[in-house]
Amino acid sequence: MEILKCEGVSKVYGKGENRVVALNRVDLSVEKGEFIAIVGASGSGKSTLLHILGSVDSPTEGKVCVEGEDISRLNRTQAAIFRRRKVGIVYQFYNLIPTLTVRKNILMPLLLDKRKVNQAYFEQIVTSLGIDKKLEAMPGQLSGGQQQRVAIARSLIYRPALLLADEPTGNLDQRNSGEIMDMLKLSNRNLKQTILLITHDEKIALGADRIVTLEDGRIVSDERRR
């Protein structure tokens, strides 16, 4: 089942001599449950595409549909609600609230939306991510790898249609990077989570089922590995 469709998506910043084309008529289709790595050199348009898919930004031209809903023309309030309910975003900087426990950080999206916590699902996530013994700890008491696991748990707690990960291993050493990739694969396999991973690391990208390569704002390669 198609969960995401981009049609002719372009993003242009500035005008005249300062005009920069970050994305140039990108077409992309994603099926539910896919694990896709989006790769490319710095400035290729990877993060711009992720921000548009997550409704953090809107395209200059084109259309983006998630579960059949056109998100490319949402206003700011509608986009915020869409992100909270449909998209999980994981950045290389963990963005945890330092004054809240791990448990409250994970549950924050549900609390903001006044939604009931599915305790069984919560326990499944934290156990799978290996942070079930850290729920009452504060973020500052955790290692970088543990903090990133908390960020992933927070992005999964509301069962998003899409999980968007922007260089999630960028601040981690090799061992922790491998563990975070294993966690993402686990959520893809066990929770049937659809994942789009932005990375410049070829070894990390090889862990995905499909690799999409961007160059100068265009898709130049789309390789299915499994």
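Which residues have the most contacts inside the largest nonpolar core? In this predicted model, they are Ile 106, Ile 157 and Leu 184, and the core they belong to has 39 residues. Several parts of the chain build this core together: at least two residues each come from strands E3 (35–39), E7 (162–166) and E8 (195–198), and from helices H3, H4 (119–128), H5 (144–156), H6 (174–190) and H7 (202–205). In soluble globular proteins, nonpolar side chains tend to be buried together.

Leaving aside residues up to four places away in sequence, Leu 184 touches Phe 35, Ile 152, Leu 163, Pro 168, Ile 195 and Leu 197. There is also a second, separate core, made of 27 residues, and Val 9, Ile 52, Val 66 and Leu 162 are among them.

Two single residues make a friendly pair to look at next. Asn 105 sits in helix H3, which covers residues 102–112. Its relative accessibility is 1%, so Asn 105 counts as buried, the cut-off being under 20%. Beyond residues up to four places away in sequence, the contacts of Asn 105 are Leu 96, Ile 97, Leu 100, Pro 139, Val 150 and Arg 154.

Gly 140, in turn, lies in the loop between H4 and H5. Gly 140 counts as exposed because its relative accessible area is 74%, and exposed means over 50%. Along the chain, Gly 140 and Lys 114 are 26 residues apart, and 27 Å separates their C-alpha atoms.

Technical notes:
Residues numbered from 1 in each chain as written. Predicted model: local features only at pLDDT ≥ 70, side-chain atom pairs only at ≥ 80, totals over all residues. Heavy atoms only, no water. Helix = DSSP H or I, 4+ residues; strand = E, 2+ residues; numbered from the N terminus. Buried < 20%, exposed > 50% of the residue type's maximum accessible area, 1.4 Å probe, protein only. Contact = heavy atoms within 4.5 Å. Core = buried A, V, L, I, M, F, W, Y, C linked by side-chain atoms within 4.5 Å.
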